[in-house]
Amino acid sequence: MGSKTLEDEDPGRQDPPPFHGSNASGGEPRGNHISRDGDGCLGSDGGEDGGDEDDEAGTAAAAAPLTPTAASDNKNKKKRKRPKKKNKSAASKQSWPPRIPLDELVPSGHFQPGQLVKYDAPTGTTLRVQAEELRREERPNLEDAAFLSNYRKSAEIHRQVRHWVQETVKPGHALTEIAVGIEDAVRALLGNQGLEPGASLQSGLGFPTGLSLNNCVAHFTPNPGQKDTVLQYDDVIKVDFGVHINGWIVDSAFTMAFNPTYDNLLAAVKDATNTSIQTAGIDVRICDVSAAIQETMESYEVEIRGKVYPVKPVRNLCGHDIKHYHIHGEKTIPFTKHSDETKMEEGEVFAIETFGSTGRGYTREEGGIYGYGLNEDAPSRVNLPITSANRVLRTVKENFGTLVFARRYMDRLGVDRYVAGLNCLVANGILDAYAPLVDIAGSYSAQFEHAQTILLRESYKEVISRGDDY
């Protein structure tokens, strides 16, 4: 989830209506596979019965968890143990769509580490920052086995869910059902539906699922009551979602394009992200990471409908460190050169990401809402003019705390008439509202991101969310 630069914030801006889909200036005829994919139902809150078992989207819409097939037989014949063996073997492999909690698949609770990367420079340096004890409470205890197991579990959930997205999502699917399918899968694999007060603070989504198309660079998610957007063949979609356990968020994102025209755009951003991961480390200056990102990304160009475009780093978005129950910390990693010599420190968790664009490489807020988050600087007591605002605020504190949330999460909790309450809380400075961020119309953008834990352990750093895909 990208972080805006401080100088770019403009809460009073009045912008056009929200971004709703693909660029109207082109696209190739859809192939036969689109009609095969049907209506694109990737997930639902209820269990709809689909008639075509070969339809991947229909399979994803039936989001009911798998149940043991031999439960009734065991009641009648106590000595029959073979069905139990079948059930055990069935739980050794994830369902499709993913719905089996990871605790059932990995009962030992031991989850494999992410990618271990050697530092480019020796770790035994006299320049080591020695202020760890001053910030210890803000960072995870990297020697805590429970923390590492939970964080790696969150990363494994992210890998399994995004693998399903990459294999299943096709042109013709609606963005709402893609988002719901992702979020249903995350909750199922966590074994926590998050419907009880406080449950979503124990584990759940780290922030609203971002599904930003084309010139919408970041922070678009479908909202209830809006006209839905259907994914097209010529769209470039950035998929950004987070998984947390006990407030430590694994933040990772990727980009999908169905038209090979945009392959070089995706390659540029992926290469820049991998370059920044390789450059990052303890005592590394953030300005050096930024310079490496810019140099790598600007070495690419992409030809779209006969015109060649340079790939530009988006200069008013940043990577960022991650704090406890806060997706954005204090440190940022811009994608262009700068003179800030702030260093990365031992024990920090960074979301290493890059955004590239064929447009201006600069975003502005567009009308609409991505999500909301508690403003920690808000006054403790405010006389709210709308009664529903107090009820909504209580729901937010009980279920999300400082985590960013989307409107559809309020729907899922059964909260009635919450929009007026949310607007009142924003107007009184209690909630911050986040809008979609767009580049110029007609441009295309891409994003790749990994959660990286900087570990000083035998000169390695761990890329928690690394997978076979990216």
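**View 1. The buried residues of helix H12 in the predicted model.** Ser 388, Ala 389, Val 392, Leu 393, Thr 395, Val 396 and Asn 399 are buried in H12. They cover an arc of only 160° around the axis, so they sit on the same side of H12. Their packing partners are helices H9 (199–202), H13 (407–412) and H14 (419–427), together with strands S15 (371–374) and S16 (431–434).

**View 2. The span of H12 and the glycine after it.** H12 runs over residues 387–399 and has 13 residues. From first C-alpha to last it reaches 19 Å, close to the expected 18 Å. Gly 401 follows H12, with a positive phi near 60°.

**View 3. The "binding site" residues from UniProt.** An unreviewed UniProt entry places this feature at Asp 240, Asp 251 and Glu 449. They span 210 residues in sequence, yet no two of their C-alpha atoms are more than 8.4 Å apart, so they gather at one spot. Of these residues, Asp 240 is included in the lining of the second largest cavity.

**View 4. Asp 240 and its contacts.** Asp 240 is in strand S6 (residues 236–245). It is buried, at 7% relative accessible area. Beyond four places in sequence, its contacts include Met 1, Phe 207, Asp 251, Gln 447 and Glu 449.

**View 5. Glu 449 and its contacts.** Glu 449 belongs to strand S18 (residues 445–457). Its relative accessibility is 0%, so Glu 449 counts as buried. Leaving aside neighbours within four places, it touches residues including Met 1, Asp 240, Asp 251, His 320, Glu 353 and Tyr 470.

View 6. Residues 84–90 fall below 50, with 3 contacts beyond near neighbours in sequence. Residues 122–131 are also below 50, with 13 such contacts. Where pLDDT is low, the predicted coordinates should not be read in detail.

Methods: Residues are numbered from 1 along each chain as its sequence is written. This is a predicted model: local features need pLDDT of at least 70, side-chain atom pairs count only at pLDDT 80 or more; totals for chains, interfaces and linings use all residues. Side-chain values use heavy atoms; hydrogens and water are left out. Helices (H or I, at least four residues) and strands (E, at least two) are DSSP runs, numbered from the N terminus. The expected span of a helix is 1.5 Å times one less than its number of residues. Buried means under 20% relative accessible area, exposed over 50%, partly exposed in between (1.4 Å probe, protein chains only). The arc is that of the directions from the helix axis to the C-beta atoms. Contact means heavy atoms within 4.5 Å. pLDDT is the predictor's confidence in each residue, from 0 to 100. UniProt positions are given in the numbering used here, feature names are shortened, and annotations may be inferred rather than shown by experiment. On a 1 Å grid over the protein atoms alone, a cavity is a set of points where a 1.4 Å probe fits but cannot get out, and a pocket is an open set with protein on both sides within 12 Å along at least five of seven lines; lining residues have an atom within 4 Å of a point.
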